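Could you walk me through this structure? I have it open in my viewer and would like to know what to select next.

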Amino acid sequence: MAGLAAFEAQHGALPGIVQLSARDTFVQQMISSLRRIEYIRNMQARAIDPGRIDPNSSLFDPLKGAALLGQNGDLDEAVWMTFVATHFGKHVEDAWKLASNVMGSFGSGPTWNFAEYARQPAAFDAMLQAHQADLADPKISGRFSNHRQYQSKKPDKIGLVFSTFYDWLIADGDFNTKIRNIHLKVGQQPTVVFPALYRSMAPVYGFGRLGNFDFLTMVGKLQLAPIDADSVHMSGATGPFSGAKLLVQAPGAAAMSRKQIEAVVDRLDDTLHVGKQVLEDSLCNWQKSPNHYVYFSG
């Protein structure tokens, strides 16, 4: 609250939170986002059961699995598991069911970790084709999370997501080399490395702005690479942009461009210091219910 007041004292009122209920709701959404980040950080400090990386186990959780793999120094596998978590997401009811089914071949075949996929990508595609009917039935396969709800479960589409991400991951040999090469090009500042990685992910099918942003911010939170979002990256955003526009665009005033709105939100973080991902996430959730706090997940 103090940070918002300080920002407004310098830059003028934020129209979307003039009403106290809207201001309070926006702050609560930021706190929720900060707590989600804190959860990831706390998770890394704890012992993690190996079942978290086994898609045939009831314990399967690709985010915790990525943290475990990162703890063990298995960087490429950790990044691969972060990709799996990002692509499928955790559905509010089905949890990680869709991810576990695909990664575990619906319980009938190989576990598609990074090493196994690298060994036989064509077999992964064949597995998807063999389970086309299962994928088409959400009661069997499970569902994507809300962030990924428009993704296709057609075998060829899932296969294309996996193959293009794999090509991106190994383009420099391995992920560690990719980071080193980017350091050589742009330097080591985390907020400079982030947009370089963000741009490099353009060929990954089906990710786009939201997938790239979610994946890279999670890579940063899991400490798999020293990166930090440089901006809220509003280009191509839907929910976050709606929230940002509601926050900064005065009713009846001249329309602001996406870049102008993005610049105001980025400048807001210079005062709040909560991080660009927190603002992106909280704006997306706040605009769904601006005057009444609702916790959104899955």
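Here is a short tour, stop by stop.

This is a predicted model, in which local features need pLDDT of at least 70, side-chain atom pairs count only at pLDDT 80 or more, and totals for chains, interfaces and linings use all residues. Residues are numbered from 1 along each chain as its sequence is written, and side-chain values use heavy atoms, with hydrogens and water left out.

**Stop 1: an annotated span.** Select residues 55-293, where UniProt, in an unreviewed entry, places "domain: Amino acid:DNA transferase"; such annotations may be inferred rather than shown by experiment.

**Stop 2: an aromatic pair.** Now pick F194 and Y198, whose rings are stacked, with 6.4 Å from centre to centre and 20° between the planes. (Rings of Phe, Tyr and Trp, its six-membered ring, pair if their centres lie within 6.5 Å; planes under 30 degrees apart count as stacked, over 60 as edge-to-face and the rest as tilted.) Both residues belong to helix 12 (residues 190-200), 4 residues apart, or about one turn; helices are DSSP runs of H or I, at least four residues, numbered from the N terminus. F194 and Y198 are both buried, meaning under 20% relative accessible area with a 1.4 Å probe, protein chains only.

**Stop 3: charges over rings.** Show R258, which lies over the face of F241 at 3.9 Å from the ring centre. Then move to K288, with its charged end over the ring of F296, 4.5 Å from the centre. The test is NZ of Lys or CZ of Arg within 6 Å of the ring centre and within 35 degrees of the ring normal.

Technical notes: Helices (H or I, at least four residues) and strands (E, at least two) are DSSP runs, numbered from the N terminus. Buried means under 20% relative accessible area, exposed over 50%, partly exposed in between (1.4 Å probe, protein chains only).
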